[in-house]
Amino acid sequence: MKKILTTLVCIFMFLSVFSANTMFPPTLTTPTNGAINQMPNPFLKWSAVPGAFKYKIQVSTDSLFATSLIYSTNLTGITSANLFFNTKYFWRVKAIGTSDSSAWCIAGKFYTLTTITLINPTDSSTNRPVSCYFKWNAITGITGYEYQMDTSLTFSSPLFVTSIIPPTKIEAYSKQLAFGEHYYLRIRARHTQDTTAWSSLLNLYTLTDFSQHRPQTDTTKVMTVTKFEWDWVGSKFYSYTLATDSLFTSNVSTITVDTTKVVKYSTDTLVRVLSDTLLFGRTYFWKVQAKNALDTSNFTAVWKFATINKVTILTPLTNSINVTTIPTFTWTALSGIGNYLLELDTNQLFSNPTSFIIPNSTTTYTIALEDHLLPLTKYYWRMKATTLIDSTDWSDVFNLKTTTPLDVETLDNNTISIFPNPSLNGIVNLQINSTTSTDVFVSLINMVGQEILNQNYSIKSGSNLISLDLKSNQDGIYFIKFKQGDNIITRKIILNK
């Protein structure tokens with residue numbers, strides 16, 4: 001009887017416990033038990049419990065949860081915040097239903113991270129820019145990073161630099177450093193409740209020397225406004241020095257460049273800057289040094305270059321014949337100049353030249369109709385370039401001989417020529433060479449006999465050029481009639497625009 005009574009008591013106690021906690025406790029999943037290097041805002045996750053409408057979470061630094069952070073959510077995961085660094089944490093979860101709740105689950109544990117790891121540059125790297133690039137592993141749940149750099153292990157020398165970096169960054173450039181120094185770098189993370197330990201020290205050595213890139217030494221025919229390039233070394237300012245002798249005693253100029261001139265590329269980092277206007281036909285020597293508030297680098301090597309001193313003329317080729325009386329001249333472009341000057345003369349000494357000032361934006365020039373050349377005449381031509389402070393030497397001298405105009409006819413004492421014929425652009429030129437002043441009546445007639453143009457021209461003694469603009473007329477065959485007194489000649493022209 002006693003045995004039966006004991007059994008009934010046990011069954012009653014079991015049913016009492018079972019009826020009090022009919023919900024099973026959750027199972028912790030993330031972070032795994034014993035996980036290390038957890039962020040100060042770890043995401044805590046557990047399995048869902050049937051019938052639960054919310055969960056209660058405790059996070060504590062002691063296994064008995066005497067003091068703890070308490071969270072509540074209707075989800076199966078939650079992000080904690082502002083946990084201490086380098087700390088062992090315990091956590092547990094219980095499920096809560098409408099009329100019941102589970103027991104606390106078996107507690108898990110994890111360890112928050114201690115410090116940050118610097119991953120760039122490599123330790124003991126040399127020739128580092130004085131605005132040093134560095135990178136580290138990302139930390140979440142913080143308000144920022146703090147780095148320190150110094151030549152002293154106590155981080156207390158006059159060269160000490162420090163700064164706060166936003167929490168979204170995982171890379172940065174340091175403040176300006178001194179040249180040719182051994183620096184120590186460390187970094188840590190912080191939030192409102194705690195700060196990590198400093199990272200391991202990273203050694204690096206800043207550069208003293210660097211190189212220029214262009215104009216390369218012994219380069220010739222350099223433009224008077226040229227691009228200088230040299231290594232970007234992280235400095236705030238750079239100064240390049242120019243002189244006309246290698247000892248830098250003659251015509252010395254020093255130009256300071258700030259870092260807004262830096263152009264960064266994926267494969268290199270250079271400073272690129274345009275020079276002031278240099279003189280033509282000079283040999284220049286140049287060197288560069290970097291500067292900041294702390295220090296000045298060594299100068300680069302001394303390089304030299306020579307500026308261009310001639311325009312290279314191209315066409316018409318020298319000794320050309322049968323050149324039109326309104327020729328087009330071409331040449332090789334020069335940059336950084338003000339204008340070009342073209343001279344034409346029938347005398348190779350250019351004792352009475354005709355001059356044309358040409359904009360620096362073009363490398364072709366066509367003689368205007370009113371400036372047309374004489375037919376069957378030998379001309380010499382040359383060019384030079386100018387700036388506000390200088391000009392090149394004259395180019396090589398080319399010569400050409402003009403052609404006889406097409407369709408030459410004689411009307412009394414007047415020689416009449418028509419060109420071009422056919423006309424490809426709708427412009428037809430009438431050149432009338434007269435021995436006296438006279439009047440010539442000109443009319444244009446189409447193929448059906450309609451007169452579509454008539455005009456009387458007063459011709460002076462010498463060469464006269466008349467330009468007819470027929471761009472609005474249809475392509476085809478037309479007749480031009482010239483009348484002087486009772487004398488008439490008629491010539492056929494073709495428009496083929």
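Me: Is strand β20 mostly covered or open, and how many of its residues are buried?
Reply: Buried means under 20% relative accessible area, exposed over 50%, partly exposed in between (1.4 Å probe, protein chains only). Here six of the seven residues in β20 (residues 237–243) are buried, leaving the strand mostly covered. This is a predicted model, where local features need pLDDT of at least 70, side-chain atom pairs count only at pLDDT 80 or more, and totals for chains, interfaces and linings use all residues. Residues are numbered from 1 along each chain as its sequence is written, and side-chain values use heavy atoms, without hydrogens and water.

Me: Which strands does β20 pair with?
Reply: Strands are DSSP runs (E, at least two residues), numbered from the N terminus, and two of them pair if DSSP finds at least two bridges between them. β20 pairs antiparallel with β24 (residues 283–291) over seven bridges, with Ser 239 opposite Gln 289. It's also antiparallel to β21 (residues 253–258), over six bridges; there, Phe 237 faces Asp 258.

Me: What is the strand order in the five-stranded open sheet?
Reply: The order is β27-β33-β32-β29-β30, with mixed pairing. β27 (320–323) and β30 (354–359) have a single partner strand each, so one side of each lacks a neighbour in the sheet. For β30, six bridges make the antiparallel link to β29 (residues 339–345), where Glu 343 sits opposite Ser 355.

Me: Where is Ile 477, and how exposed is it?
Reply: Ile 477 lies in strand β40 (residues 476–484). Its relative accessible area is 33%, so Ile 477 counts as partly exposed.

Key. Helices (H or I, at least four residues) and strands (E, at least two) are DSSP runs, numbered from the N terminus.
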